[in-house]
Number of protein chains: 4
Amino acid sequence: MTTVSAGSAPSEETNSKSERTRERILHAAAQVLSKKGYAGMRLGDVAVVAEVQAPAIYYYFESRDDLVEEVVWVGAYRVRTNLESMLAKLPAETTAMQRIMCAVESHLWFGLHISHYATAAIRIVGQVPEQLRTRSLAEEARYQQIWHELLKAAQGSGELRADIDLRTTQMLILGAMNWASEWWDPQQQSLENLVSATQELVRYGMGLRVERPR
Amino acid sequence: MTTVSAGSAPSEETNSKSERTRERILHAAAQVLSKKGYAGMRLGDVAVVAEVQAPAIYYYFESRDDLVEEVVWVGAYRVRTNLESMLAKLPAETTAMQRIMCAVESHLWFGLHISHYATAAIRIVGQVPEQLRTRSLAEEARYQQIWHELLKAAQGSGELRADIDLRTTQMLILGAMNWASEWWDPQQQSLENLVSATQELVRYGMGLRVERPR
Amino acid sequence: MTTVSAGSAPSEETNSKSERTRERILHAAAQVLSKKGYAGMRLGDVAVVAEVQAPAIYYYFESRDDLVEEVVWVGAYRVRTNLESMLAKLPAETTAMQRIMCAVESHLWFGLHISHYATAAIRIVGQVPEQLRTRSLAEEARYQQIWHELLKAAQGSGELRADIDLRTTQMLILGAMNWASEWWDPQQQSLENLVSATQELVRYGMGLRVERPR
Amino acid sequence: MTTVSAGSAPSEETNSKSERTRERILHAAAQVLSKKGYAGMRLGDVAVVAEVQAPAIYYYFESRDDLVEEVVWVGAYRVRTNLESMLAKLPAETTAMQRIMCAVESHLWFGLHISHYATAAIRIVGQVPEQLRTRSLAEEARYQQIWHELLKAAQGSGELRADIDLRTTQMLILGAMNWASEWWDPQQQSLENLVSATQELVRYGMGLRVERPR
DNA sequence: TATGAATGAGCATTCATTCAT
DNA sequence: TATGAATGAATGCTCATTCAT
């Protein structure tokens, strides 16, 4: 799904047994991190989930923090590349607002459905020591930049009101979606439903519209 | 603002020295919790912030978890009562939508400006063991209920579109605000600004309105 | 019951309120000690039993060890003086063996029925640091001495076999009685019964006697 | 002496290095327990004696209480199996009284000479929380049962007086021997001596026998 | 005479990490 | 490539003890 290009990119195609084990550990860490938080993740738990012994982790990662760093980075990396590839697939004539709607779908779909990495990365932001965030911060900046350009384009094309505070609004929207991992329950509501409700809110707000745009 | 006097309510008026120490510890715990998360809160850190020795905490709280439980509960309790008292002050003729705007202001103002408790409670949701959440879950349910009634009233009065998914929208809005504690920086943006940007988003969304309602 | 003569003797007649509290604490300590052992006795438990607050203990005793020391000493002291007063009451013509039987009764009766102090003193022998035992060791030596004289007298009068190892036998008998506190249950067996069974064992052993002496 | 091989029996043959370490910790715990009592046993002391670091104990035992439980059980188990194997070695024609004498020897020899476990088990009876005693209580019941049968057989064969209270006498004898760990000093008296003095007391008591039975 | 408040020392336990194999 | 065994550095918690009142 994710289109991985460069050498050091986080592969999802597992090759050798060794690489598969490494991936299993990373997966397990993402899972545990998203449930227990940064300080709450114990290597023992990760080992259980990954079906290895705890010391085996050290064969693949220098330290616990290294493991966390990678999870967080992979999360951010995949969220960004996923969005990029989704946007790339859109036909040229897609309007700016439709692109934003696509980004909403990408964010929710990826964060809630595909990847523990994203959830983990999202949930432990703010608990992770600064020094572990260098790589992921860069990714997040790129991601924010993509969103920023989407919004600016929409404003340019007149699809977005000129008077809104772009940066704040962007953060509020991403926040609304990030927080969904705290309450959204696939048993109670389909992801499609959540996506369209979010798109509605983002586009029109809750208030009454006298005349439906478009 | 909330002056709670009755029964077992969490007092903010500190009386005896003993009560003040207890409050200091509770404050400190909220602060540390919101920064480090549930598993990351060490009693030693709390003690340093509260300017006591760590074992003194046990004079006031049965256990670490008891302390966390109280912080989380106080957070939820104060958020709810703050909203109630804000709403109670509104004149009778206030429209349903205006009440919602007031609730937005209350939520952001209280969560970001007034109380580490609220931030703590928000940030560690999902990390705290279920058994510590009994009291706070009840509070949160009451809070959600108040919001739900606000939205329903607005829908009833025709100020809200009839076709939106109330529950999902409510969660998205609260999420957008909760997440603000992750990125909002008082140095860069005034709270007033954040509040009005949020109110705008909630009310009208980002999209162009052909004709401004009302 | 105990005939206390000298000034510093452990009084059982409580006079002032202060003295009564002190006695209550001492009692409580004896009770807790006999149940939990030396290291297991917590001042908090003692305080609960004595119905005071823990720090109050320090008004009456220099330290925890001081309290223990006194309990142990009072136990030893009372066991000794009790035996002495029992023996003193016997008519002049009492035989040496009858005196021993009286001592057996005294030991059991006192250790099991009257006094937690004795039980405590007995049970924690060997756990208490040497330095706390100075006074009580002296008492115990006196007690052993009394027993030794009783046995020697009986050997002298021909009531005891000449070929038995007096010291070892004495220790075995006292041990048999001391250990009774571990298993004797007043609900299942009267003290009188235990006393006479012990007297029988001491006097005749378990073995068949061809001809009953005397 | 006891060579236990079957099932979950506490092995004395140490095999792997790991098993030897575990045994060393168990030994150390028995030693410390018998000296300091249940509450007085610190894992630090055990670790020093076992020549490991304290946390290493947790590699072999779930908790401090688990360690205590095992010591107490091993003590009870070995005392019982030792007695059984001693009795099993006696020739068929051994009289019931001689069997009892053998049991006395076994108890003293094992409790005082061979095994800290036995001493520990004996000394901390009554301090150990009930829940740690399940396994050992079962062992002790079996041990008491063996003794009971020995005594009953002797009464049946006419070697024991018919009029003695079997249960009480049995407890007194075992108590006399258990207590020996409090006072017996191998420097001052040989174990052989203690054994024969005890056998004498058990068989004939202290009193004068007109005619030596048998 | 007694207690509420607080502390320092110590203890059981956990956990990331190491290392020989 | 992986694990069994072990450890050092915390960390929560207990408890004797102090002290102002």
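The largest nonpolar core of this predicted model has 78 residues, and those with the most contacts inside it are C:I100, C:W147, D:I100 and D:W147. A second, separate core of 77 residues includes A:M97, A:A103, B:L150 and B:W179. A nonpolar core here is a set of buried Ala, Val, Leu, Ile, Met, Phe, Trp, Tyr and Cys residues joined through side-chain atoms within 4.5 Å, where buried means under 20% relative accessible area, exposed over 50% and partly exposed in between, with a 1.4 Å probe and protein chains only. In soluble globular proteins, nonpolar side chains tend to be buried together.

Because the model is predicted, local features need pLDDT of at least 70 and side-chain atom pairs count only at pLDDT 80 or more, whereas totals for chains, interfaces and linings use all residues. Residues are numbered from 1 along each chain as its sequence is written, chains are lettered from A and ligands numbered from 1 in the order in which they are written, and side-chain values use heavy atoms, with hydrogens and water left out.

**Interface of chain C and chain D**

- Chain C gives 50 residues to the contact and chain D gives 50 residues, contact meaning heavy atoms within 4.5 Å.
- About 4400 Å² is buried between chain C and chain D, with carbon and sulfur atoms giving 61% of this area; buried area is the accessible area (1.4 Å probe) that two parts lose on being put together, summed over both.
- Two salt bridges are found across this interface, a salt bridge being a side-chain nitrogen of Lys or Arg within 4 Å of a carboxyl oxygen of Asp or Glu.
- C:E200 forms a salt bridge with D:R161, in which the closest N and O atoms are 2.8 Å apart.
- On the side of chain C that touches chain D, the elements giving two or more residues are helix 1 (17-40), helix 5 (96-114), helix 8 (166-183) and helix 9 (191-204) of chain C; helices (H or I, at least four residues) and strands (E, at least two) are DSSP runs, numbered from the N terminus.
- Helix 8 of chain C supplies the largest share of that side, 12 residues.

**Interface of chain A and chain B**

- In this pair, 50 residues of chain A are in contact with 50 residues of chain B, and the two chains bury about 4400 Å² between them, 61% of it on carbon and sulfur atoms.
- The count between chain A and chain B is two salt bridges, and the side chains of A:E200 and B:R161 meet in a salt bridge with an N to O distance of 2.8 Å.
- Helix 1 (17-40), helix 5 (96-114), helix 8 and helix 9 (191-204) of chain A each supply at least two residues of the side that touches chain B, and the largest share, 12 residues, comes from helix 8 of chain A.

**Individual residues**

- A:T168 lies in helix 8 (residues 166-183) of chain A and is buried, with a relative accessible area of 3%.
- Not counting residues up to four places away in sequence, A:T168 touches B:W183, B:Q189, B:L194 and B:A197.
- D:R99 lies in helix 5 (residues 96-114) of chain D and is partly exposed, with a relative accessible area of 22%.
- Leaving aside neighbours within four places in sequence, D:R99 is in contact with D:L87, D:L90, D:P91, D:T94 and D:L150, while its C-alpha atom is separated by 8.8 Å from that of D:A154, 55 residues apart along the chain.
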